[in-house]
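Thanks for coming, everyone. Let's take a short walk through a model together. Have a look at it first.

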Amino acid sequence: MEEIGMVLKNLDWSPLIVSMKTGIVATVFSFFLGIYAARRAVKMPPGKKAVLDGILTLPMVLPPTACGFFLLLLFSRRRPFGIFLYDNFDLKVVQSWLGCIIAATVIAFPLMYRNARAAFEQIDVNLIYAARTLGMSELKIFWKVVIPSAGPGIVSGTVLTFARAMGEYGATSMLAGNIPGKTGTISQKIAMVIQDGDYLTAGIWTVIVMLISFLVICLMNIVTGKKMKHVKKW
């Protein structure tokens, strides 16, 4: 216990701060992009929907390192797009916190998209028809009828997206690297200290991640539970 106390006392908390910031920003991007993409996919014919769904879900089934390699090729300053971003907007993605955000967003986005799409597909269309007969605009129907009806699925997708973005390792390591205090996340810290043979520090960080994940899951269950109180139990 004394040894654990010493480790906690000297622990560098920057990986937690970087992970939390990355998770929050990536979740915000994934939330709006995921809802937009899910809404567009629901309205598409089956053929186009299958193609779009395959493209948007691909990061979820590919190894994170493969996604990281693709992002590295895309945003590298040796490639046309990376050169364009740097020369015109002074944006450096590789080895930067922006790279952390992009990598986490790409990997976590499919969770938001899939949950939102599933929630939209389960909405009773009669609610939408009724809102149209009352003269509501399509935008107002979306925010006043569709989003509240799909609330539990959207909340679940948002919480899972945050958890996935905060724990991302493979793509983040390849695109953003592991710069302490800048791009070094909890996942990267665990891998680094294990390589150094410091299993105690790795264990402490693992417990921290487990506690955060547990709290995230509990939050998701509480929020979705409140929204589903009206549903009869069988």
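This is a predicted model: local features need pLDDT of at least 70, side-chain atom pairs count only at pLDDT 80 or more; totals for chains, interfaces and linings use all residues.

Rings first. The count of aromatic pairs comes to 7. One of them joins Phe109 and Tyr113, and that pair is stacked. The ring centres are 6.1 Å apart, with 15 degrees between the planes. Where do Phe109 and Tyr113 lie? Both sit in helix α6, residues 97–121. They are 4 residues apart, about one turn of the helix. Here is the general point: an α-helix has 3.6 residues a turn, so residues three or four places apart point the same way.

Phe109 has 12%, so Phe109 is buried. Tyr113 has 0%, so Tyr113 is buried too.

Other rings form a cluster. Ring pairs link Phe120, Phe142 and Trp143. Charged residues also meet rings. Lys21 lies over the face of Trp97, 5.1 Å from the ring centre. Arg77 lies over the face of Tyr86, and here the distance to the ring centre is 3.8 Å.

Now the cores. The largest nonpolar core has 21 residues. Which of them touch the most other members? They are Ile35, Tyr113, Phe120, Val146 and Ile154. Helices α2, α6, α7 and α8 each supply at least two residues of this core. Helix α6 gives the most, with 6 residues.

Let's zoom in on Phe120. Beyond four places in sequence, Phe120 touches Ile35, Ala38, Arg39, Val42, Phe142, Val146, Ile147, Ala150 and Ile154. Several of those names lead us to the next helix.

That helix is α8, residues 138–149. Ile141, Phe142, Val145, Val146 and Ile147 are buried there. What covers them? The cover includes α2, α6, α7 and α9. In soluble globular proteins, nonpolar side chains tend to be buried together.

Last stop: Phe75. Phe75 lies in helix α4, residues 64–75. Its relative accessible area is 10%, so Phe75 counts as buried. What is Phe75 in contact with, leaving aside neighbours within four places in sequence? The contacts are Phe81, Gly82, Leu85, Val93, Val94, Ile102 and Leu175. For scale, take Ser30, which is 45 residues from Phe75 along the chain. Their C-alpha atoms are separated by 19 Å.

That's my tour. Over to you for questions.

Terms used:
Residues are numbered from 1 along each chain as its sequence is written. Side-chain values use heavy atoms; hydrogens and water are left out. Rings of Phe, Tyr and Trp (its six-membered ring) pair if their centres lie within 6.5 Å; planes under 30 degrees apart count as stacked, over 60 as edge-to-face and the rest as tilted. Buried means under 20% relative accessible area, exposed over 50%, partly exposed in between (1.4 Å probe, protein chains only). A charge sits over a ring if NZ of Lys or CZ of Arg is within 6 Å of the ring centre and within 35 degrees of the ring normal. Contact means heavy atoms within 4.5 Å. A nonpolar core is a set of buried Ala, Val, Leu, Ile, Met, Phe, Trp, Tyr and Cys residues joined through side-chain atoms within 4.5 Å.
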